Amino acid sequence: MTRWRMMLLTQLLDLIVIFAIALVVYPVASKTQGWLPPHYVLGAGLVAAISHISFYQAHLYDMDSLLDPVRSMKSLLWRWTVVFMMLAALAALVHAPNLYSRLWFAGFYVGGFAAIGIERFLVARLIRAWIARGHHTLCVALVGGNSLSERLIERFRDNPWGIRIVGVFDDRHRDNVAHIAGVQLLGTIADLLEYSKTHEVDTVVVTLPISGSDRIHAIIRQLRQQPVNVRVLPGAIGLERISPIRLARTELPGVQLIAVADRPISEVALFAKDVFDRAVAAAGLVLAAPVMLFCMAGIKLSSPGPVLFRQMRVGYKGRRFNILKFRTMHVAEHGDLRLTQRNDPRIFKFGSLLRKLSLDELPQIINVLRGDMSLVGPRPHMPEARAGGALYFDAVVEYADRQRVKPGITGWAQVNGWRGPPETVQQIERRVEHDIYYIENWSLFLDLVIIVKTVLVGFYGKNAF
């Protein structure tokens with residue numbers, strides 16, 4: 001269980017505890033048995049919703065607050081009180097001061113705060129026990145095999161926060177050095193990019209001297225290819241304990257870092273996006289079944305061979321996967337890895353129709369259910385894809401930044417008319433611009449907008465062939 005799952009669990013427990021206290025207090029206060037009346041349910045719901053928002057804004061779900069509930073009790077009590085003051089004010093505004101029993105109101109206030117306090121102490125014990133068993137709340141990679149890295153490693157060797165230094169990476173590492181302060185030296189920045197594809201890395205801390213700004217800038221440029229937080233340690237002063245060691249809301253307690261890049265989608269949001277993708281994909285597979293059967297029949301009648309074909313594409317974190325599509329070319333032509341061109345003779349007539357209507361993309365719903373793709377995201381390309389004679393990776397500096405999110409069936413570029421194989425470097429540049437805009441401005445609402453636009457108008461356009 002990672003730190004975000006523990007934070008999510010605490011948020012869920014808060015909601016359960018609040019509703020449970022409201023339910024338990026009611027029969028005692030009203031001296032009647034049964035479920036809460038509708039207006040009491042609404043009141044409890046408002047308290048739960050507003051409390052959750054208030055606690056979240058006060059960072060009461062951050063790991064430092066969860067590990068030290070005593071320190072967060074004052075803020076918790078203040079915000080809990082404000083919520084009940086708001087509920088009382090709301091009842092007065094609707095001219096219903098006696099809407100809620102005073103005994104229930106008081107019991108809910110006192111009992112709710114006590115229950116949340118007890119819950120927080122139990123969660124803190126659970127997290128400490130979880131860390132004691134060797135689990136980690138944050139995995140950190142260091143860039144720089146120097147004395148600053150050594151001091152940082154020593155700071156968190158036996159820490160109560162569960163922070164783990166996974167390794168040290170440095171392009172200028174010495175061959176005769178295998179460890180830095182007991183932590184393994186795992187190679188170069190290129191090795192770090194490969195390592196992060198298969199291992200958990202939450203944050204990368206660059207400990208190189210600030211004077212080497214050009215080198216740091218180049219390293220940050222490379223690290224932006226992966227969905228990690230990138231931080232710079234501003235020399236020895238970043239390790240000085242000017243403030244108490246338990247600094248609130250810092251990634252590494254007691255360490256001052258400069259934030260230079262953030263992962264585009266938080267772990268919690270990524271989880272929500274994944275749940276949304278799989279739920280919609282499962283429903284979409286059922287709804288699209290008649291259309292997919294029609295496509296399968298048309299392919300079988302038009303060209304001998306399998307209905308589906310698989311092709312290697314580059315996906316999340318640069319990982320490669322097999323994308324599924326309805327076959328639109330004659331079987332003998334699928335060994336030809338050239339990108340599709342206008343009036344391509346390899347495409348049979350029914351296949352051309354599928355391409356123009358984007359129906360050949362429907363099997364990618366299965367890729368979404370597998371977890372290889374998302375419903376919305378940058379379109380995945382072949383590793384050897386070229387535009388204007390240049391590889392996409394070489395043609396556009398920001399191209400690899402698209403790998404920070406899962407590739408999608410549709411995307412911001414596609415619904416804005418940038419669909420089909422790029423024929424020029426300018427075309428792939430425009431698509432990358434749209435993809436980066438999507439990544440930097442992601443929200444579930446934006447995903448919904450793109451899905452609706454795709455369903456209503458598809459991504460038929462002048463570049464569809």
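Trainee: Which residues is phenylalanine 105 in contact with, leaving aside its neighbours within four places in sequence?

Mentor: Phe84, Leu87 and Ala88 are in contact with phenylalanine 105, once those neighbours are set aside. Contact means heavy atoms within 4.5 Å. This is a predicted model: local features need pLDDT of at least 70, side-chain atom pairs count only at pLDDT 80 or more, and totals for chains, interfaces and linings use all residues. Residues are numbered from 1 along each chain as its sequence is written, and side-chain values use heavy atoms, with hydrogens and water left out.

Trainee: Where is phenylalanine 105 placed?

Mentor: In helix α5, residues 102-132. Helices (H or I, at least four residues) and strands (E, at least two) are DSSP runs, numbered from the N terminus. Tyrosine 26 is 79 residues away along the chain, yet the two C-alpha atoms are separated by 9.1 Å.

Trainee: Why does phenylalanine 105 count as partly exposed?

Mentor: Set the value against the cut-offs. Buried means under 20% relative accessible area, exposed means over 50%, and partly exposed lies in between (1.4 Å probe, protein chains only). Phenylalanine 105 has 21%, so it counts as partly exposed.

Trainee: Why does cysteine 295 count as buried?

Mentor: Its relative accessibility is 0%, so cysteine 295 is buried. Cysteine 139 is buried too, at 4%.

Trainee: How many disulfides does the structure hold?

Mentor: It holds 0. A disulfide is a pair of cysteine sulfur atoms within 2.5 Å.

Trainee: What makes a set of residues a nonpolar core?

Mentor: The residues must be buried Ala, Val, Leu, Ile, Met, Phe, Trp, Tyr or Cys, joined through side-chain atoms within 4.5 Å. The largest such core here has 39 residues. Ile299, Phe326, Ile428, Tyr438 and Ile450 have the most contacts inside it. Helix α15 (residues 425-440) gives this core its largest share, 5 residues. A second, separate core has 29 residues, including Leu66, Leu152, Ile163 and Leu185.

Trainee: What is phenylalanine 326 in contact with?

Mentor: Beyond its neighbours within four places in sequence, its contacts include Cys295, Ile299, Leu354 and Pro363.

Trainee: What makes two strands a pair?

Mentor: DSSP must find at least two bridges between them. Strands β1 (residues 138-143) and β2 (residues 163-169) are joined by 6 bridges, so they pair. They run parallel.

Trainee: Which are the edge strands?

Mentor: They belong to an open sheet of 7 strands, in the order β3-β4-β2-β1-β5-β6-β7, with mixed pairing. The edges are β3 (179-180) and β7 (258-261), as each pairs on one side only.

Trainee: Which helix lies across β1, β2, β4 and β5?

Mentor: Helix α7 (residues 189-198), running at about 140° to β2. Axes are lines fitted to C-alpha atoms, for helices over the stretch in contact, and angles run from 0 to 180 degrees between N-to-C directions.

Trainee: Why is the meeting of arginine 71 and aspartate 64 called a salt bridge?

Mentor: A salt bridge is a side-chain nitrogen of Lys or Arg within 4 Å of a carboxyl oxygen of Asp or Glu. Arginine 71 and aspartate 64 have an N to O distance of 3.6 Å, so the pair qualifies. Arginine 71 is partly exposed at 39%, whereas aspartate 64 is buried at 15%.

Trainee: How many salt bridges does the structure hold?

Mentor: It holds 19. Among them is arginine 224 with aspartate 401, at 3.7 Å, N to O. This pair links distant parts of the chain, 177 residues apart. Arginine 224 is in the loop between α8 (213-223) and β6 (229-232), and aspartate 401 is in the loop between α13 (392-395) and β13 (408-410). Aspartate 401 has 2% relative accessible area, so it is buried. Arginine 224 has 22%, so it is partly exposed.

Trainee: Which residues are linked with Arg224 and Asp401 in a network of salt bridges?

Mentor: Arg221, Arg404 and Glu440 are linked with them.

Trainee: Where does lysine 317 lie?

Mentor: In the loop between β8 (308-314) and β9 (320-326). Lysine 317 is not a glycine, yet its phi is positive, about 60°. At 14%, lysine 317 counts as buried.
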